[in-house]
Amino acid sequence: MNIRRVRFDHPDALELNDEVQAEYHLRYGDGGDATVLDAIDFDPPRGVYLIAYDEHDRPVATGGWRSQDRNEEGNEDGDAELKRMFVVARMRGRGLARRMLTALEEDARAAGRIRMVLETGTKQPEAIALYTSSGYAPCVKFGYYRHYEDSRCFAKEL
């Protein structure tokens, strides 16, 4: 597996983002994640966006983090917010999400971030299982979906 840094507006990132949004819509029926994201949010050193490619150079997994500091949406100084973790259906169950998560944590730590935070939902039990088995614990809700009942937020010290 080849993991590469790309911009959030890279064509492969856009393709995978469309796939993850379609999956969110299937699970939640709400058109996808409405959190506002901008490509610049993921530009180093304030963030990074990664895509994993298979042996045929096809994009198969994605994820990014963006810097957050204390704000009105509940973030704290030093937060790295995990966004758009996704593995295409045909590649699930091979450890790609865990590898992507580790790469993102290492990058955020190297950038001086002190805590990785994420928001997911009750209709994504496999995501919750990945995060809790990777050392994430429930935290105070933050972000766009902090007032939604199905929202779950997790954090891990880096």
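In this tour, two residues are in contact when heavy atoms of theirs lie within 4.5 Å. The model on your screen is predicted.

**Stop 1: the whole chain**

Show the protein as a cartoon. Count three helices and seven strands. The elements come in the order β-α-β-β-β-α-β-α-β-β.

Along its principal axes it spans about 40 × 35 × 30 Å. A compact globule of 158 residues would have a radius of gyration near 15 Å, and the protein agrees with this at 14 Å. Of the 158 residues, 47% count as buried. Take the contacts with a separation of 6 or more: 64% of them come from residues 24 or more positions apart.

**Stop 2: the sheet**

Select the strands. In what order do the seven strands lie in the sheet? Read across: β1-β2-β3-β4-β5-β7-β6. The sheet is open, and its pairing is mixed. Look at the edges next. They are β1 (2-5) and β6 (137-138), and each pairs on one side only.

Pairing itself has a simple basis. Strands of a sheet pair through backbone hydrogen bonds, either parallel or antiparallel. You can find both kinds here.

- Select residues 59-68 and 79-87. These are β3 and β4, which run antiparallel and are joined by seven bridges.
- Pick tryptophan 65. Its bridge partner in β4 is leucine 82.
- Pick glutamate 81. Opposite it, in β5, stands valine 117.

Stay on β5. Six of its seven residues are buried, so β5 is largely enclosed by the rest of the structure.

**Stop 3: helix α2**

Select residues 96-110. This is helix α2, which packs on the sheet. Which strands does α2 touch? They are β1, β2, β3, β4, β5 and β7 (151-157). The direction of α2 makes about 30° with that of β3.

Check the length of α2. Its 15 residues reach 21 Å from first C-alpha to last, close to the 21 Å expected at 1.5 Å a residue. Now colour its buried residues: Leu96, Met100, Leu101, Leu104, Glu105, Asp107 and Ala108. They cover an arc of only 165° around the axis, which puts them on the same side of α2.

An α-helix has 3.6 residues a turn, so residues three or four places apart point the same way.

Step past the end of the helix. Glycine 112 follows α2, and its phi is positive, near 90°.

**Stop 4: helix α1**

Select residues 11-28 together with the sheet. Helix α1 packs on the sheet and its direction makes about 85° with that of β4. The 18 residues of α1 should span 26 Å at 1.5 Å a residue, and its end C-alpha atoms agree, at 26 Å apart.

Which residues of α1 are buried? Colour Asp12, Ala13, Leu16, Asn17, Val20, Gln21, Glu23 and Tyr24. Their arc around the axis is only 165°, which puts them on the same side of α1. What covers them includes β2, β3 and β4. Turn the model to view the face of α1 that points away from its buried side. There you find the exposed residues Pro11, Asp18 and Leu26.

Glycine 29 follows α1. Its phi is positive, near 70°.

**Stop 5: helix α3**

Select residues 125-133. In this helix, α3, the buried residues are Ala127, Leu130 and Tyr131. Look down the axis: the buried residues fall within an arc of 90°, so they line one face of the helix. Their cover includes β4, α2 and β5. Just after α3, glycine 135 takes a positive phi of about 95°.

**Stop 6: serine 151**

Finish with one residue. Pick serine 151, found in strand β7. Is serine 151 buried or exposed? At 1% relative accessibility, serine 151 counts as buried; the cut-off for buried is under 20%. Show its neighbours. Leaving aside residues up to four places away in sequence, serine 151 touches Glu119, Thr120, Lys141 and Tyr145.

Note on methods. Residues are numbered from 1 along each chain as its sequence is written. This is a predicted model: local features need pLDDT of at least 70, side-chain atom pairs count only at pLDDT 80 or more; totals for chains, interfaces and linings use all residues. Side-chain values use heavy atoms; hydrogens and water are left out. Two strands pair if DSSP finds at least two bridges between them. Helices (H or I, at least four residues) and strands (E, at least two) are DSSP runs, numbered from the N terminus. Axes are lines fitted to C-alpha atoms, for helices over the stretch in contact, and angles run from 0 to 180 degrees between N-to-C directions. The expected span of a helix is 1.5 Å times one less than its number of residues. Buried means under 20% relative accessible area, exposed over 50%, partly exposed in between (1.4 Å probe, protein chains only). The arc is that of the directions from the helix axis to the C-beta atoms. The radius of gyration is taken over C-alpha atoms; the globule rule is 2.2 Å times the number of residues to the power 0.38.
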